Amino acid sequence: MRLTTKGRFAVNAMIDLTRNESGGPVTLASISERQDISVAYLEQLFSKLRRRDLVKSIRGPGGGYRLSRDAADITVADIVFAVDEPLDVTRCQGNGNCPQSAKGNIECITHNLWASLNGRIVDYLESV
């Protein structure tokens, strides 16, 4: 699977936000500095993330962004879909009738691995 730059940057930014929001709203400038992503690009991504209710913006002095729900309820797929990136790494589009299998209507050996890519961000953060 190849994740586009847009999808990868969105996931990186959301992980950064999750790690740093305990001190209050996180600014795009601070994410930009830590992740080496331009503020203009982050503005585009966060606009889409906000429309999908993954983040909320806080205006005014001390403002920035926060997660709009618990990190345990946000998947990598949620983030990638929010920025309009397709995410299906199974060859059968999740149907279990993988074309490379000898019998044609069974899951390939790695089907469950690829299908589980929708893992939660919080699982990733707990693993690092």
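Let's start where two helices touch: L28, A29, I31 and S32 in α2 meet V39, L42, E43 and F46 in α3 (contact means heavy atoms within 4.5 Å). This is a predicted model, in which local features need pLDDT of at least 70 and side-chain atom pairs count only at pLDDT 80 or more, while totals for chains, interfaces and linings use all residues. Residues are numbered from 1 along each chain as its sequence is written, and side-chain values use heavy atoms, with hydrogens and water left out.

**Overall layout**
- The protein has six helices and two strands (DSSP runs numbered from the N terminus, with H or I over at least four residues for helices and E over at least two for strands).
- Along the sequence, these elements follow the order α-α-α-β-β-α-α-α.
- Of the protein's 128 residues, 38% are buried (buried is under 20% relative accessible area, exposed over 50%, and partly exposed in between, with a 1.4 Å probe and protein chains only).
- Taking contacts between residues at least 6 apart in sequence, 55% join residues at least 24 apart.

**How α2 and α3 pack**
- Helix α2 (residues 28–35) packs against α3 at an angle of about 120 degrees, and their axes are 9 Å apart (axes are lines fitted to C-alpha atoms, for helices over the stretch in contact, and angles run from 0 to 180 degrees between N-to-C directions).
- The contact of α2 with α3 brings together six nonpolar residues, one polar and one charged (Ala, Val, Leu, Ile, Met, Phe, Trp, Tyr, Cys and Pro count as nonpolar, Asp, Glu, Lys and Arg as charged, and the others, Gly among them, as polar).

**The nonpolar core**
- The largest nonpolar core has 24 residues, of which M14, L17, I31, L42, F46, L49 and I79 touch the most other members (such a core is a set of buried Ala, Val, Leu, Ile, Met, Phe, Trp, Tyr and Cys residues joined through side-chain atoms within 4.5 Å).
- At least two residues of this core come from each of α1, α2, α3, β2 (64–67) and α4 (76–82).
- Helix α1 gives the largest share of this core, six residues.

**Aromatic pairs**
- Two aromatic pairs are present in the structure (ring centres of Phe, Tyr or Trp, the last by its six-membered ring, lie within 6.5 Å; planes under 30 degrees apart are stacked, over 60 edge-to-face and the rest tilted).
- One of them joins F9 and Y41 edge-to-face, at 5.7 Å centre to centre and 90 degrees between the planes.
- This pair links distant parts of the chain, as F9 sits in helix α1 (residues 5–20) and Y41 in helix α3 (residues 39–51), 32 residues apart.
- Y41 counts as partly exposed because its relative accessibility is 24%.

**Residues worth a look**
- R50 lies in helix α3 and is partly exposed, with a relative accessible area of 37%.
- Setting aside neighbours within four places in sequence, R50 contacts V55, S57 and Y65.
- From R50 to R66 there are 16 residues in sequence and 10.0 Å in space, C-alpha to C-alpha.
- D36, in the loop between α2 and α3, has a positive phi near 55 degrees although it is a residue other than glycine.
- With a relative accessible area of 70%, D36 is exposed.
- D53, in the loop between α3 and β1 (55–58), is not a glycine but has a positive phi of about 60 degrees.
- D53 is partly exposed, at 46% relative accessible area.
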